Amino acid sequence: MSSFRLDGKTALVTGASRGIGRGIALAYADAGADVALLARDAGKLAEVAGEVESRGRRALVLPADVTDIEAVQSAVGRAVHELGQVDVLVNNAGGNSFSRPLAGMRFSGWEKTIRLNLDSTVHVSQALLPHLLERKSGVIINVASVAGLRGAPMMSHYAAAKAAVISLTQSLALETAWAGIRVNALVPGWIETDLTGFLREGDDSDKALLARVAMARWGRVEEIADPAVFLASDASSFMTGQVLVVDGGLSAMP
Ligand SMILES: NC(=O)c1ccc[n+]([C@@H]2O[C@H](COP(=O)([O-])OP(=O)(O)OC[C@H]3O[C@@H](n4cnc5c(N)ncnc54)[C@H](OP(=O)(O)O)[C@@H]3O)[C@@H](O)[C@H]2O)c1
C-alpha cells in the first residue's frame, strides 16, 4: 500500500478551514504530507494547523480569499518559499449561497458564484503552475460537484461553474501531461458539511434528496478525503484528465 502514501510531499489545500478541505488536509497529513492551508478564517486555519501538527507533519497557515488574485499569488508564493516545494494542489474552496431560477437571478449572484468556484481555480492554478512546470512534476485536484454533470434547476450558476471546472480540468491535463503534471477532478455527491447543513434542518427535510441517492445516506467528509489521497498519490500515477465521482450512486440513478 506504499503507493498510497504521501511521505516527503507537500500539499496546498484551499478551503481548508472546515468541511471537505479540512478533511483532505488531515488525510494528507495522515498519509505523510506537509500541508499549506488556505482559506479566509485565520483562526479556524490555526486550529486545523494544530491538528496537522499533532499528526507529526508541518502546517502553514495562509489566510487569503481565493477570489482575490493578488492575495492568491502572495499566498502561493509563501507556500513555495516557506515549504520549499508544493507537489499537490487541491482547488477545493467553493460553494453556493443561494438557489434561484435563472429567469429571476441577479447577474451579480451569477458572477459571485462563478468567481468563487471557477475563477478561483484559475487563480490558484495559474499562481502555482510555473513552479510545477519548472519542477516537471505535480498533481492538481479540482473539487467539482455532481451538479456539474447534468442540469441542476435553481442552481444553474453553481452547476455551470462546476461543469466548467470539469472542462478546465480536462484541458489543463492535456496542456501539462508532457511536463509530468496530472490534473483530475474529484466530484462529490451530497456530503455532510456546513455547506449542506440547511438541508438537514427539519425532520425528514432531506428525505426527497436522499431518495435520489442509491446508498440512501449523506456522504462523510472522510469518504471524499480518502479518494483525494488516492488522486494525490502514486496509486493514480496513470490517471490524468479524469473525473472521479464519489456520490453514493446518485449519478447512476435513472
Ligand atoms: N458538501 C457537499 O455536499 C458538496 C458537494 C459537491 C461539491 N462540493 C464542493 O466541495 C467543496 C468544499 O465544500 P464543503 O462542503 O466543504 O463547504 P464548506 O463546509 O462550506 O467549506 C468551504 C470552505 O471553503 C472556504 N472558502 C469559501 N469561500 C472562500 C473564499 N472566498 N476564499 C477562500 N476560501 C473560501 C471556507 O473557508 P473560509 O470561510 O474560512 O474562507 C471553507 O474552508 C466546494 O468546492 C463545494 O462546492 C461540496
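**Salt bridges, helix packing and buried residues**

Student: At what relative accessibility does Arg57 count as partly exposed?

Tutor: Arg57 falls in the partly exposed class, which lies between buried (under 20% relative accessible area) and exposed (over 50%), taken with a 1.4 Å probe and protein chains only. This is a predicted model, in which local features need pLDDT of at least 70, side-chain atom pairs count only at pLDDT 80 or more, and totals for chains, interfaces and linings use all residues. Residues are numbered from 1 along each chain as its sequence is written, and side-chain values use heavy atoms, with hydrogens and water left out. The relative accessibility of Arg57 is 27%.

Student: With which residue does Arg57 form a salt bridge?

Tutor: A salt bridge is a side-chain nitrogen of Lys or Arg within 4 Å of a carboxyl oxygen of Asp or Glu, and a search of the whole structure finds 11 salt bridges. For Arg57, the closest N and O atoms of the pair are 3.2 Å apart, and the partner is buried, with a relative accessible area of 17%. That partner is Asp34.

Student: How many residues apart in sequence are the parts that Arg57 and Asp34 tie together?

Tutor: Helices (H or I, at least four residues) and strands (E, at least two) are DSSP runs, numbered from the N terminus. Asp34 belongs to strand S2 (residues 34-39), while Arg57 is in the loop between helix H2 (42-53) and strand S3 (59-63). The pair therefore links parts of the chain whose separation in sequence is 23 residues.

Student: At what angle do helix H4 and helix H5 pack?

Tutor: Axes are lines fitted to C-alpha atoms, for helices over the stretch in contact, and angles run from 0 to 180 degrees between N-to-C directions. Helix H4 (residues 107-135) and helix H5 (residues 156-176) have their axes 8 Å apart, and the angle is about 20°.

Student: Is the crossing of H4 and H5 left-handed or right-handed?

Tutor: A crossing is left-handed if the near helix is turned anticlockwise from the far one by less than a right angle, and right-handed if clockwise. By that rule, the crossing of H4 and H5 is right-handed.

Student: How many residues of the contact of H4 with H5 are nonpolar?

Tutor: Contact means heavy atoms within 4.5 Å, and the residues that meet include Trp110, Ile114 and Leu118 in H4 and Tyr158, Val165 and Leu168 in H5. Ala, Val, Leu, Ile, Met, Phe, Trp, Tyr, Cys and Pro count as nonpolar, Asp, Glu, Lys and Arg as charged, and the others, Gly among them, as polar. Of the residues in this contact, 7 are polar, 1 is charged, and the nonpolar ones number 12.

Student: What is the relative accessible area of Ser125?

Tutor: Ser125 has its place in helix H4. Not counting residues up to four places away in sequence, Ser125 touches Leu89, Asn91, Ile140 and Leu172. Ser125 is buried, and its relative accessible area is 5%.

Student: Which residues of helix H7 are buried?

Tutor: Helix H7 spans residues 222-232. The cover over its buried residues includes helix H1 (19-30), strand S4 (88-91), S5, strand S6 (181-188) and strand S7 (243-246). The buried residues of H7 are Ile224, Ala225, Pro227, Ala228, Val229, Leu231 and Ala232.

Student: What positive phi does Lys136 have?

Tutor: Lys136 is in the loop between H4 and strand S5 (138-143), where it is partly exposed, with a relative accessible area of 48%. Although Lys136 is not a glycine, its phi is positive, at about 50°.
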